[in-house]
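This report looks at how the parts of one chain meet. It then follows a few side chains through their contacts.

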Amino acid sequence: MAKVKEAKNIWLDGKLIPWNEANVHILSHSLHYGNAVFEGVRAYQTKKGLAVFRLAEHTKRLLDSAKACLINVPYSYDELFKAQVELLKSNDFKDTVYLRPIVFLGYGSMGVSHLGSPVQVALAAWEWGAYMGEDAIEKGIKVKISSWAKNSPNSMMSKAKASANYFNSQMANHDAVTSGYDEALLLDQQGFIAEGSGECFFIVRNGVVITPPNDTSLESITQNTVIEIAKDLGYEVKRERISRDEVYISDEAFFTGTAAEVTPITNVDGRIIGNGKMGTITKKLQKTYFAAVRGENEKYEKYLTYIN
């Protein structure tokens with residue numbers, strides 16, 4: 001993945017500080033036991049300046065994740081919303097920006113129990129383009145269905161964007177990439193498609209857009225956006241389970257996510273999807289999505305927070 005491009009400031013525990021001064025103690029509880037929650041948010045350059053896409057929804061989900069993970073965030077929704085805007089204003093960004101809020105447990109106690117550990121909040125932002133590269137956005141990617149199954153809801157909380165959940169994703173992604181693929185696709189405990197290592201999954205069959213329910217996956221903001229766009233464009237959308245073999249014979253396939261945006265999939269487990277190129281419906285959805293996040297479609301301007 002792309003190297004992080006340093007910015008000017010980071011917001012840490014209520015204050016803007018220089019990027020290189022954003023340090024935490026080596027005995028911070030989350031570093032050892034994994035209980036932290038975070039968000040992935042994007043801001044795009046528009047004709048009216050930098051604008052964040054669906055900041056309200058991302059901020060709410062951050063707090064919902066913390067609640068599920070028994071972390072008491074010391075800042076309100078309004079304070080976190082304003083802090084993210086403040087951070088972006090303090091940095092002189094000229095390109096697409098990725099914003100990473102994280103709530104974690106700091107230094108103060110050790111042992112499995114997190115009681116007594118102070119809660120810290122950090123907001124970082126840096127310029128970051130296409131998650132898998134511009135070629136992936138235009139030409140599509142190769143995906144491997146992973147031998148790693150998605151975490152069961154009885155084991156981990158899929159509705160929380162929790163750091164610990166992503167160890168499962170990390171192992172699946174590593175296996176796929178080192179096997180010559182670009183990304184992994186994970187199955188749930190029943191053998192149906194769950195999601196990518198950090199993306200939601202869609203297929204198109206006979207003109208119908210299909211994406212799995214969020215039984216074992218995060219309730220995705222980008223997935224929700226693409227479903228809305230697909231319906232607005234007149235496509236039928238179904239939320240239903242997808243089997244492995246249904247993926248192989250689909251007409252089109254693509255990933256969605258804040259980082260991944262709308263990334264076409266042209267090969268799964270060595271099977272060519274469709275004609276091996278970005279599908280017609282995928283292309284229309286991708287085009288409309290980029291118009292929405294860049295402020296080029298008034299219908300979706302309600303989702304933009306302009307940084308003035």
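Buried area is the accessible area, taken with a 1.4 Å probe, that two parts lose on being put together, summed over both. The model discussed here is predicted.

The chain is divided into domain 1 (9–127) and domain 2 (134–294). Their centres, taken over C-alpha atoms, are 26 Å apart. Domain 1 puts 20 residues into the contact, and domain 2 puts in 21 residues. Between them, domain 1 and domain 2 bury about 1800 Å². Carbon and sulfur atoms carry 60% of that area.

Three residues stand out on the side of domain 1. F38, Y44 and R61 supply 33% of the area that domain 1 buries against domain 2.

On the side of domain 1 that touches domain 2, the elements giving two or more residues are β3 (36–38), β4 (41–46) and α2 (55–68). By class, this side of domain 1 has 9 nonpolar, 6 polar and 5 charged residues.

How many salt bridges are counted between domain 1 and domain 2? The count is 1 salt bridge. A salt bridge also joins the side chains of R42 and E261, at 3.7 Å from N to O.

## Salt bridges

Side chains of opposite charge can pair when their charged atoms come close. The structure holds 12 salt bridges.

| Pair | N to O distance |
|---|---|
| R42 and E261 | 3.7 Å |
| R54 and E57 | 3.2 Å |
| K150 and E195 | 2.5 Å |
| R205 and E246 | 3.6 Å |

Take K150 and E195. The closest N and O atoms of this pair are 2.5 Å apart. K150 lies in the loop between β8 (141–145) and α5 (166–178), and E195 lies in strand β10 (residues 193–196), so the pair ties together parts that are 45 residues apart in sequence. Both K150 and E195 are buried.

R205 and E246 form another such link, with N and O 3.6 Å apart. R205 belongs to strand β11 (residues 200–205) and E246 to helix α7 (residues 244–248), so this pair ties together parts that are 41 residues apart in sequence. Are R205 and E246 buried or partly exposed? R205 is partly exposed, because its relative accessible area is 26%. E246 is buried, because its relative accessible area is 15%.

## E57 and its partners

E57 is found in helix α2. Its relative accessibility is 27%, so E57 counts as partly exposed. Its salt-bridge partner R54 has its closest N atom 3.2 Å from an O atom of E57. R54 is at 7% relative accessibility, so R54 counts as buried.

Which residues does E57 contact, leaving aside its neighbours within four places in sequence? They are I221 and Y303. E57 and Y303 are 246 residues apart along the chain, yet their C-alpha atoms are separated by 9.1 Å.

## The loop between β12 and α6

S220 and T216 both belong to this loop. The loop runs between β12 (208–211) and α6 (221–232).

S220 is at 14% relative accessibility, so S220 counts as buried. A polar atom of the S220 side chain lies 3.3 Å from the backbone nitrogen of T222. Leaving aside neighbours within four places in sequence, S220 is in contact with R61, C200 and N214.

Not counting residues up to four places away in sequence, T216 touches K150, N151, P153, S158, D188, A194 and E195. Among them are K150 and E195, the two residues joined by the 2.5 Å salt bridge.

Technical notes. Residues numbered from 1 in each chain as written. Predicted model: local features only at pLDDT ≥ 70, side-chain atom pairs only at ≥ 80, totals over all residues. Heavy atoms only, no water. Domains from an automatic or database assignment. Contact = heavy atoms within 4.5 Å. Salt bridge = Lys/Arg side-chain N within 4 Å of Asp/Glu carboxyl O. Helix = DSSP H or I, 4+ residues; strand = E, 2+ residues; numbered from the N terminus. Nonpolar A, V, L, I, M, F, W, Y, C, P; charged D, E, K, R; others polar. Buried < 20%, exposed > 50% of the residue type's maximum accessible area, 1.4 Å probe, protein only. Polar contact = N/O pair within 3.5 Å; in protein donor to acceptor, adjacent residues only side chain to side chain.
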